[in-house]
Amino acid sequence: MQLKMRRRFLSSLAASAGNSKTLNHRRWTVKQVTKSNFKSSLDEFRTSINSSDFVAISLLNTGSYAAAWHRVSAIDTPQTSYLKAKYAAERYQIFQFALCPFSLHASNLTVHPYNFYLFPRDELKLGMPSYSFSCQASRLTSMAREGFDFNTCIYEGISYLSREQESASKFLSGNPILPDPITAPSSPSTVADTVFVGRIRSRVKNWRQSCLDSSSKTGDDDDLVSSLRKLVLGSEQYGSRLCLTIDVCSERQVQLILEMLTEFSDDVVPLLTASKSRGTQAVRTVFMSSKEDKDLFKRELQDLEDEENRRVRGFREVVDLISSSQKPVVTQNYLSDFTSIHAKFLGPLPSNVDGFTRSLSSAFPNVVNLSQLMKEICPLSNISNLPAALSSLNRFFAPVDVEVANHGCAVNPDEGNQMHGQNVVMISQLFAKLSTIQKSYQSPAQSNEDLQDLDFEEHANSITSNDENVKVWSKNSRRVSSENLVFVWGLSKKMTAAMLKKVLEKSSHAVFAQEFDVKYIDRSCAVVVFWESGSSETFLREVNNEEQLVGCLREMVAEGLRVAGYETYRRACRLGFWEADLAEALDKTLESSETDLDSDNKPSDIIWSSELAINFDEL
């Protein structure tokens, strides 16, 4: 299919390269948003979302991985990949969140790029959440080299609360809360419950009658009597309305009171007052003079709650706009970006990849993984380098004319700040070119139809622990079961992968008479890949029984060589042993007494590449 596609779309390289060079090296005007212009930009962003068909995202975090083996690699199953991404998302902070609502009609790409500066702070003084995060020195150095303004980020960055934190903040703000409607009665009442409800019912009846009497009588004497009656009954004022506060000792009492107040629902509205311990301190009943007054009161409460929510949400208001729009979200790195988005703006990350996928799908049902889309057309291209990825499509005739619809100014007028958020425009361009190529290949007769008609479901967020393949595209890739991988450590620091392979070949062990491969995962640990089924089990069994070994392999074991199967690596990730060296993490896992099996304990197929190697200069 790829060969036919290339033959069909191969065009003049000179013309295409000239067009691509213009696209790849142009600096687009990206609107820079901080807390000082966030409110006005939010309305503009809402309009941009409504007028666009897709939303591209690009995140800038304070780090990505703390050690070489923490990177998602060819040896990772979906579950171990997710656990690595989860660890990074919980550890590092988002400083920039670039967004680009865009539309593509024929070859015309209309973009609305925004770059939001974020910084977590407890502006509401609620004592939540306790903000702390890690930073990688190399990442901060790179950001400073690119002109990132840390002062703007720290002092002007937009704060936020996740959905879960916002829910908890309602109890910490001290504002009365409308209770949820009662859908089912509580469990059978005890004698104590019956006595409690009877006493509260009598109190509410007397108070309600006094409210009715005071609203129907006039005169100075009546006012005096009414005031004395309110004082005796404990009546108070909630704004301009009469109310009664009922203190409670437990959530059980709250439930009983709310059920009892349904008897007076025509003219009494209950409100909950939270305690500092996030429980309910009291139930406040507010008297309504009429049905119209009741409707007005509920609207006032809803408006007050909406205003308070907008105040505490901060940047999450933008995330909610994207979620509620149901527009497809285009991402360059699905797992890394959306574990960060989930952790910061939705709630704590689930423990496994299936739970993550389900949770994320409820908020973002349509996510297009650009890496997957790219692999179908140019499987050897490196999607992490956006300009190079765009250039790799020069062989196809897929012109894209870009129009920036929002010409916003940067925080500072210098050109350097305009560079922040450029990636999100290139992601939009890359998506447009790939989509044009894919659509033209699928049906030439539909080439003039809108892009929305294409089906991108197969490129969505569909990773699960049940997936048998980890799709790592590289040169000379081969599929192998995770059961065929053996981790080896305790080696000499001077030992290279090539040297280790030669030593194993000369060991005279039967399993090394068959084809196998050796690569280092980090400086401390290598992985041996057996292509013959059953060889890994034989090797593990005999190394752990030193008496059966002979020659150099026996000497290496005596000097500290250790081996483990894939399940040990899987457990290290699941138990959170994120040590600096993989060897140390595996040692700690083997010493652990934890025996609960991982939910992802069945073998998975790995796409192994003979080109897999660690670039230690990047560490």
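## Confidence in the model

pLDDT is the predictor's confidence in each residue, from 0 to 100. The structure described here is a predicted model. Over residues 610-619 the pLDDT stays under 50, and the model gives this stretch 20 contacts beyond four places in sequence. Where pLDDT is low, the predicted coordinates should not be read in detail.

Across the protein chain, pLDDT averages 79, and 76% of the residues score at least 70. Residues 409-418 have a pLDDT below 50, with 19 contacts in the model beyond near neighbours in sequence. Among the elements of the chain, the highest mean pLDDT, 96, belongs to strand S5 (residues 114-117), and the lowest, 37, to strand S13 (residues 469-470).

## Overall make-up

The protein chain contains 23 helices and 19 strands. It has 619 residues, of which 50% count as buried. Its accessible surface comes to about 29700 Å², and carbon and sulfur atoms account for 49% of that area.

Contacts can also be sorted by separation along the chain. Of those between residues at least 6 apart in sequence, 79% join residues at least 24 apart.

## Nonpolar cores

The largest nonpolar core is made of 62 residues. Phe97, Leu99, Phe116, Phe315, Phe338, Phe364 and Phe487 have the most contacts inside it. Helix H13 (residues 334-346) supplies six residues, the largest share of this core. The core lies between domain 1 (29-159 + 314-458) and domain 3 (460-618), because both give residues to it.

## A buried threonine

Thr589 is located in helix H23, which covers residues 582-591. With a relative accessible area of 0%, Thr589 is buried, as this value is under the 20% cut-off. Leaving aside residues up to four places away in sequence, Thr589 touches Thr568, Arg571, Ala572 and Phe577.

## Cysteines

A disulfide is a covalent bond between the sulfur atoms of two cysteines. The structure holds zero disulfides. For Cys243, the closest cysteine sulfur is in Cys211, at 9.0 Å, which is too far for a bond. The cut-off for a disulfide is a sulfur pair within 2.5 Å.

Cys243 is buried, with a relative accessible area of 0%. Cys525 also counts as buried, at 0% relative accessibility.

Methods: Residues numbered from 1 in each chain as written. Predicted model: local features only at pLDDT ≥ 70, side-chain atom pairs only at ≥ 80, totals over all residues. Heavy atoms only, no water. Helix = DSSP H or I, 4+ residues; strand = E, 2+ residues; numbered from the N terminus. Buried < 20%, exposed > 50% of the residue type's maximum accessible area, 1.4 Å probe, protein only. Contact = heavy atoms within 4.5 Å. Areas by Shrake-Rupley, 256 points an atom, 1.4 Å probe, with all protein chains shown as cover. Core = buried A, V, L, I, M, F, W, Y, C linked by side-chain atoms within 4.5 Å. Domains from an automatic or database assignment.
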